[in-house]
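I opened my notebook to look up how this chain is put together. My entries follow the order in which I checked things.

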Amino acid sequence: MKSLYSLNTRLVLSHLAVSLISIILMASFAGRFIFRAALAETEHNLQGLAVAAGNALVLPIQEMNQGTGSQEHIRDLLLQLFADNPDMGFTVYTNDGRPIADNNTTLPPPATRTNAPEVIEALESGLGRGVDIRRNVGGDEKMYTAVVIQREIEVLGVLRLEVPLRPTQEAARRSFYVLLATALAITSGVGLFGWLLANNLARPIQVLTQASEDMAKGDLSVRVRPSGPQELRRLAEAFNSMASRQQTNVSELRAFVANASHELRTPLTVVKLRAEALREGALQDPEVAERFMSEIDTEVDRLVRMVNDLLDLSRMEAGMVANQRTTVNLTAIAHEVYETFSIRASKASVNLSLDVAPEISTTLGNEDQLRQVFYNLVENAIKYTPAGGQVEMLLRPGPKENTVRFLVRDTGPGIPPEHLAHVFERFYRVEAIQSRPGSSRGSGLGLAIAKSIVDSHGGEIGASSQVGNGSTFWADLPASG
Ligand SMILES: Nc1ncnc2c1ncn2[C@@H]1O[C@H](COP(=O)(O)OP(=O)(O)O)[C@@H](O)[C@H]1O
Ligand SMILES: [Mg+2]
């Protein structure tokens, strides 16, 4: 629907208005100019003819005055002169305004100010010529030019020529029409140009608007083909990348919800099955009852842990965690985590060691969160390293200037490269890697949480591994102080 307010209409109308106004102005000025110029030219030509013919009449008039010539002789001479100009009329007057020859057989009346003002003007103005435009007796518009016939300073008479103005006006009108047609052609060109321009602008905007409306209705697969001027192309590209991001976000969210539900369902199923079994008689057998109760207990613990992890993760990713940043002593944290795991490690016959470079420093951040990072990395290393293995904790300057690197290296099974790229994703577990018997099955959230914390501290987290040769996980944090 095209309203008067649409970009398209406005551009076309404004182009047309500008060109129409120019045409009207041009036509009125140029029209007047063309007619005036045509008249001036006719007058000039006629006067030239009159002067030339007047010169030729000097002798015949003198002869007539001396009685040797005649009026007929003068008339014949002029008829002969203008033989190939049938429209041209002539009249010869004496110097007191009496007619003596005319192209018509009957002579006109003597010249007066009313019937032949040009003749009087030629005789009296001192310039020796006169012009007038008027309708003749037949009603045709004519131009009259009179020049005096002169021998030295003696005025012998006046020659007056007359031509109909119609051919002149016709020619002028033709020129004017040509001009007008050209101008109209230009206007249409301008209008067409405006229309094309408007389309070039409005089409991409319409396309973008349509796409935005589709997206607002929930269709995230819409994309637009960038077209039109540069600015609109950029807008289209921005729209496309926004749509892609939105689509990715939504599908990530869907995957997350599916994963989370799946993860929660497993322990819930166990709890449900055990509770049913207890009600249907297992309570009678205290040994079985005890086992089922402790299984329920473990699963509920897992559920609580997982829900807490999920909550932490989503809070962190929503940027909702109050960021009380303090100076955190990473050396102290490394020692604490080392203490926490040393008993667990020795129970599992894993040799846990800690090595802190003396200059190692502090970072600005949230202490609990950073402890969680160290904890999660060490926990994994111990969990996935078989008895007799080694887990090293290292704290030293990072590879980039002003960074601290916390590194955990183990002698576990290693992670195949196709999985290594994904271990920081939520719920990602490498099924092929068995954790040590006795350790509980993880939620797959530990590394995701660690990554989210490190990211929010402006750091980087990464891992390298070779199957059969253990894994190395590291977190680089900006150093402070
Ligand atoms: N040190 C490690 N050695 C081998 N595999 C590991 C190691 N750390 C993590 N992984 C793999 O990465 C997965 C994701 O780790 P994580 O996010 O901590 O989840 P979880 O420990 O709960 O399974 C683990 O399930 C495991 O398959
Ligand atoms: Mg873990």
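**Entry 1: the overall layout**

I began with the distance between two domains. The C-alpha centres of domain 1 and domain 3 lie 113 Å apart. The chain is split into domain 1 (7-170), domain 2 (230-315) and domain 3 (323-478). These bounds come from an automatic or database domain assignment.

I noted the ground rules next. This is a predicted model, in which local features need pLDDT of at least 70 and side-chain atom pairs count only at pLDDT 80 or more, while totals for chains, interfaces and linings use all residues. Residues are numbered from 1 along each chain as its sequence is written, chains are lettered from A and ligands numbered from 1 in the order in which they are written, and side-chain values use heavy atoms, with hydrogens and water left out.

**Entry 2: the cores**

I looked up the largest nonpolar core. A nonpolar core is a set of buried Ala, Val, Leu, Ile, Met, Phe, Trp, Tyr and Cys residues joined through side-chain atoms within 4.5 Å. Buried means under 20% relative accessible area, exposed over 50%, and partly exposed in between (1.4 Å probe, protein chains only). The largest core has 48 residues. Those with the most contacts inside it are Leu330, Leu352, Val373, Phe374, Val378, Leu395 and Phe406.

Which elements give two or more residues to this core? I listed α6 (286-317), α7 (330-347), α8 (367-384), β9 (390-397), β10 (403-410), α10 (446-456) and β12 (471-478). Helices (H or I, at least four residues) and strands (E, at least two) are DSSP runs, numbered from the N terminus. The largest share, seven residues, comes from α8. Domain 2 (230-315) and domain 3 (323-478) both give residues to this core, so it lies between them.

I then picked out Phe406. Setting aside neighbours within four places in sequence, Phe406 is in contact (heavy atoms within 4.5 Å) with Phe374, Leu377, Val378, Met393, Leu394, Leu395, Phe473, Trp474 and Ala475. Another core, of 23 residues, lies apart from the largest one. Its members include Ile74, Leu78, Ile149 and Leu165.

**Entry 3: helix pairs**

Two packed helices are described by the angle between their axes and the distance between the axes. Axes are lines fitted to C-alpha atoms, for helices over the stretch in contact, and angles run from 0 to 180 degrees between N-to-C directions.

I started with α4 (residues 166-216) and α5 (residues 230-279). Their axes come within 10 Å and cross at roughly 15°. That makes α4 roughly parallel to α5. Angles under 35 degrees count as roughly parallel, over 145 as roughly antiparallel, 65 to 115 as roughly perpendicular and the rest as oblique. The crossing of α4 and α5 is left-handed. A crossing is left-handed if the near helix is turned anticlockwise from the far one by less than a right angle, and right-handed if clockwise. Among the residues that meet are Leu201, Pro204 and Ile205 in α4, and Leu232, Leu235 and Phe239 in α5.

Next came α7 and α8. They pack at an angle of about 35°, with their axes 10 Å apart. Their crossing is right-handed. Leu330, Ile333 and Val337 are among the α7 residues in this contact, and Phe374, Tyr375 and Val378 among those of α8.

Then I checked α8 with α10. The axes come within 9 Å and cross at roughly 145°. α8 passes α10 in a left-handed crossing. The contact includes Leu370, Val373 and Leu377 of α8, and Leu447, Ile453 and Val454 of α10.

**Entry 4: positive phi**

Most residues other than glycine have a negative phi. I noted two residues with positive values. Phi of Glu152 is near 45°. Glu152 lies in the loop between β4 (141-151) and β5 (154-164). Is Glu152 buried or exposed? At 70% relative accessibility, Glu152 counts as exposed.

Phi of Phe427 is near 70°. Phe427 sits in the loop between α9 (417-420) and α10. At 8% relative accessibility, Phe427 counts as buried.

**Entry 5: single residues**

Thr42 is in helix α1 (residues 7-65). Thr42 is buried, with a relative accessible area of 14%. Leaving aside neighbours within four places in sequence, Thr42 is in contact with Met143, Val163 and Thr168.

Thr385 belongs to the loop between α8 and β9. At 1% relative accessibility, Thr385 counts as buried.
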